[in-house]
Number of protein chains: 2
Amino acid sequence: MPSYQNKLRDKKIDFDRILDKVRVFAPATVANMICGFDILGFAVNEPGDEVKMYRSEEKGVRIRSIEGDGGRLPLDPDRNTVSACVKMLLSDLGILADIGVEIELIKHMPIGSGLGSSSASTVAGLYAINSLLGNPLHKDELMPYCVEGERLACGHGHADNVAPALMGGITLVRGGSDLDIVKIPVPQDLYAGIVFPQVDVPTRDARQLIKEKILLKDAVTQWGNIAGLVAGLFQSDYGLISRSMQDVIIEPSRAILIPEFYTMKEIALTHGALSFGISGSGPSVVAMSQGPEAAEVVTAKIQAHLSEKGIESFKYVSAVNVEGPKVLPFTN
Amino acid sequence: MPSYQNKLRDKKIDFDRILDKVRVFAPATVANMICGFDILGFAVNEPGDEVKMYRSEEKGVRIRSIEGDGGRLPLDPDRNTVSACVKMLLSDLGILADIGVEIELIKHMPIGSGLGSSSASTVAGLYAINSLLGNPLHKDELMPYCVEGERLACGHGHADNVAPALMGGITLVRGGSDLDIVKIPVPQDLYAGIVFPQVDVPTRDARQLIKEKILLKDAVTQWGNIAGLVAGLFQSDYGLISRSMQDVIIEPSRAILIPEFYTMKEIALTHGALSFGISGSGPSVVAMSQGPEAAEVVTAKIQAHLSEKGIESFKYVSAVNVEGPKVLPFTN
């Protein structure tokens, strides 16, 4: 990111105004928004990850602790994506050697859930360091670092999770590496009911299942749906949103990794959901609804069904999160 | 269309209120809108086709005359798509045997131009018969007959030309045969500069050039562009519209049929056009611009270039037509 580096060197950091500590929440995200593979995504109010960041006398960036990861994430500050991104930003600001930062990462959602777990942590970390430094960067300027964090975490630098996690709301990422990110309006009553079945689907495997070539006629159906979804969101037209949120390309390949997928889908669509599909690369599934009621009913019925089949699950019901990351007070 | 037939049988036609004659204009259309193959399209103020329709004592539907087709269109009322669609509608209304209708078709644009020539004629004819009968059908209810006209004329029943020709403005057709047609807002200063080079590209040949299978990564680029275009149109964001109106899927296959395509594109983009591409299946090309000036400049420069290469051409500069077909006064 050479152009960014040059721009950031002009940012003046006032060391007297750096905070002692900051606590930040960043939201989980539903990438793809069912029909918009690799381009659409939205943030939810819960779950989300939390970063507590402290200024320290000892120079350098360190991870103090990680909670909620089951010991799966590295504490090494060069391998942990949160600290690695923080270091990258400090380096581009030209102050990496001059400051000490300690990080506590509290994960409130499972890794590999298809809910943008790594994105939420990365965004929380970058939002936290920017807050700690007195907000020298505009929120938009954090985006390239968030994308770099995704590259470190997942092996590819897609912005479909980090864009909504950082910007809040519903985001469209177009143009690949150009990072042309467009905010799409959020209808007021749009809710997501998410169920995360306790099965493991690594993102890399989920990607490998997807075919490299697709039929043009399916692509036309898909881009008609994507255009319909975007129009429906601008017009708060829930009927159009519902008809449009159908994935004829990715879902048929990925659904086989998710136990009971088509039964869950039937449950959702017969109990008032606008649409149902895979969140990101799964195994979490998402039912969209108008108002929270259908989302509550659908997630409860899906959980009951999974339980019958011996599959444990978590559920989250939330409006679309429109603010993105936020600073929280320290409670202790 | 059995459901339609049943619905139309309930329409009461008051024979005393049928007009003696009506004159209707229907607009040319730019299908695909560069990046939205088979789903997007818009209407222009010129060119367009004209139908004069007369009630006659002699029962049956007849074509009196066709102007501007160079003798290419059939006068046989069962083979001419305009009269065939009119007959279909009268039949579904249950009054085909009870009424006499004579049609004059005046084509103001060339056949096979990629400007929805057959759609404009069909829409003008159906709008005319509905007007002649005292508007028993809502405009939307004419759509299935328009699509059927496309099927007769082109061998496939796509609505990407007839939808904007009938509804005006910019239309999204999603869901294939379900005819889910969505109107997209038209930014006030959006203009089209169209150049029709005098070369022949039959729609059927242009379709055959298109690959059945495409790369998923190209499809993702394309649907990011489509989503960006729809969002840009809703927000009157000309920058986003410009960045999004790029076709990575169809244009590379079809451009080879259009002489000087890439030179024309370079001329357009270096002289202020927002975007440039093929209109429908070509050979007409279209440059979008903010305001009429760039469209005027670009079409003039493209025409001059084509002329140098010995290729004659027509040009049309127009805002997006927002009203669709309209009744015109008889001037003689």
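## Packing of α2 and α4 in chain B

In this predicted model, helix α2 (residues 81-92) of chain B packs against helix α4 (residues 143-154) of chain B at an angle of about 140°, and their axes lie 9 Å apart. Axes are lines fitted to C-alpha atoms, for helices over the stretch in contact, and angles run from 0 to 180 degrees between N-to-C directions. Helices (H or I, at least four residues) and strands (E, at least two) are DSSP runs, numbered from the N terminus. α2(B) and α4(B) are therefore oblique to each other; angles under 35 degrees count as roughly parallel, over 145 as roughly antiparallel, 65 to 115 as roughly perpendicular and the rest as oblique.

The crossing of α2(B) and α4(B) is right-handed. A crossing is right-handed if the near helix is turned clockwise from the far one by less than a right angle, and left-handed if anticlockwise. On the side of α2(B), the contact (heavy atoms within 4.5 Å) is made by T81(B), A84(B), C85(B), M88(B), L89(B) and D92(B); α4(B) contributes Y145(B), E148(B), G149(B), L152(B) and A153(B). By class, the residues of this contact are seven nonpolar, two polar and two charged. Here Ala, Val, Leu, Ile, Met, Phe, Trp, Tyr, Cys and Pro count as nonpolar, Asp, Glu, Lys and Arg as charged, and the others, Gly among them, as polar.

## Basis of the description

Residues are numbered from 1 along each chain as its sequence is written, while chains are lettered from A and ligands numbered from 1 in the order in which they are written. In this predicted model, local features need pLDDT of at least 70, side-chain atom pairs count only at pLDDT 80 or more, and totals for chains, interfaces and linings use all residues; side-chain values use heavy atoms, with hydrogens and water left out.

## Helix α2 in chain A

In chain A, the axes of α2(A) and helix α4 (residues 143-154) come within 9 Å and cross at roughly 140°. α2(A) and α4(A) are therefore oblique to each other, and the crossing is right-handed.

Helix α2 (residues 81-92) of chain A also packs on helix α3 (residues 117-132) of chain A, at an angle of about 35° and with the axes 8 Å apart. This crossing of α2(A) and α3(A) is right-handed. From α2(A), the residues T81(A), V82(A), C85(A), V86(A), L89(A) and L90(A) meet S121(A), T122(A), G125(A), L126(A) and I129(A) of α3(A). The contact of α2(A) with α3(A) has seven nonpolar, four polar and no charged residues.

## The four-stranded sheet

Chain B holds an open sheet of four strands in the order β9-β10-β7-β11, with antiparallel pairing. Its edge strands, each pairing on one side only, are β9 (275-278) and β11 (313-319) of chain B. From one strand to the next, the twist averages 20°. Helix α10 (residues 261-270) of chain B packs on this sheet and touches β9 and β10 of chain B; the direction of α10 makes about 155° with that of β9(B). Two strands pair if DSSP finds at least two bridges between them. Strand β7 (residues 190-197) and strand β10 (residues 285-290) of chain B pair in the antiparallel sense over six bridges, and L190(B) stands opposite Q290(B) in β10(B).

In chain A, four strands form an open sheet in the order β9-β10-β7-β11, again with antiparallel pairing. Strand β7 (residues 190-197) of chain A pairs with β10(A) over six bridges in the antiparallel sense. Within β10(A), A287(A) is the bridge partner of G193(A). Helix α11 (residues 292-308) of chain A lies across β7, β9, β10 and β11 of chain A and runs at about 10° to β7(A).

## Backbone features

A cis peptide bond, with omega about 5°, joins G282(A) and P283(A). P283(A) is in the loop between β9 (275-278) and β10 (285-290) of chain A. In chain B, the peptide bond from E46(B) to P47(B) is cis, with omega near 5°, and P47(B) is found in strand β2 (residues 40-56).

S236(A), a residue other than glycine, has a positive phi near 45°. S236(A) is placed in the loop between α7 (216-235) and α8 (238-244) of chain A.

## Relation of the two chains

The same surface serves both copies, as 100% of the contact residues of chain A recur in chain B.
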